[in-house]
Amino acid sequence: MRSILALFSLVVPLLASSEHAPAASGAVRITTITPEYCATLYERLAGLPGAEAEAPRVMAEEGRRLCAEGQVRVGIAWLRRALRIASGLE
């Protein structure tokens, strides 16, 4: 049990200091699962240079379609993944 706690105490600070963590960027975004948030993600994606690649473009269109059909949570997941790929984080 002690070894698990020791390992946990080493990993948590690394996760918190990750360059991809929201707190590291200085801005915290509060999101809701709404169609408006889908539109916000889609707009953010459009401004990225990697957004024209096939994978993020197809994923974004699928996310947008799902949001329009009322499957907002799944649509947002697709849009977030497209953002990560277009940003070069994946």
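This is a predicted model: local features need pLDDT of at least 70, side-chain atom pairs count only at pLDDT 80 or more; totals for chains, interfaces and linings use all residues.
Local features require pLDDT of at least 70 and side-chain atom pairs count only at pLDDT 80 or more, whereas totals for chains, interfaces and linings use all residues. Residues are numbered from 1 along each chain as its sequence is written, and side-chain values use heavy atoms, with hydrogens and water left out.

The protein chain contains four helices and zero strands, where helices (H or I, at least four residues) and strands (E, at least two) are DSSP runs numbered from the N terminus. Of its 90 residues, 21% are buried; buried denotes under 20% relative accessible area, exposed over 50%, and partly exposed in between (1.4 Å probe, protein chains only).

Helix 2 comprises the twelve residues 35-46. Its buried residues include Tyr-37, Cys-38, Leu-41 and Leu-45. Viewed down the axis of helix 2, the buried residues fall within an arc of 105 degrees and so line one face of the helix, the arc being that of the directions from the helix axis to the C-beta atoms. Glu-36, Glu-43 and Ala-46 are exposed on the other side of helix 2.

Cover for the buried residues of helix 2 includes helix 3 (54-68) and helix 4 (72-86). Leaving aside neighbours within four places in sequence, Leu-41 is in contact (heavy atoms within 4.5 Å) with Ile-76, Leu-79, Arg-80 and Leu-83.

The largest nonpolar core has 14 residues; such a core is a set of buried Ala, Val, Leu, Ile, Met, Phe, Trp, Tyr and Cys residues joined through side-chain atoms within 4.5 Å. Helix 4 gives the most to this core, with six residues.

Methods
The expected span of a helix is 1.5 Å times one less than its number of residues.
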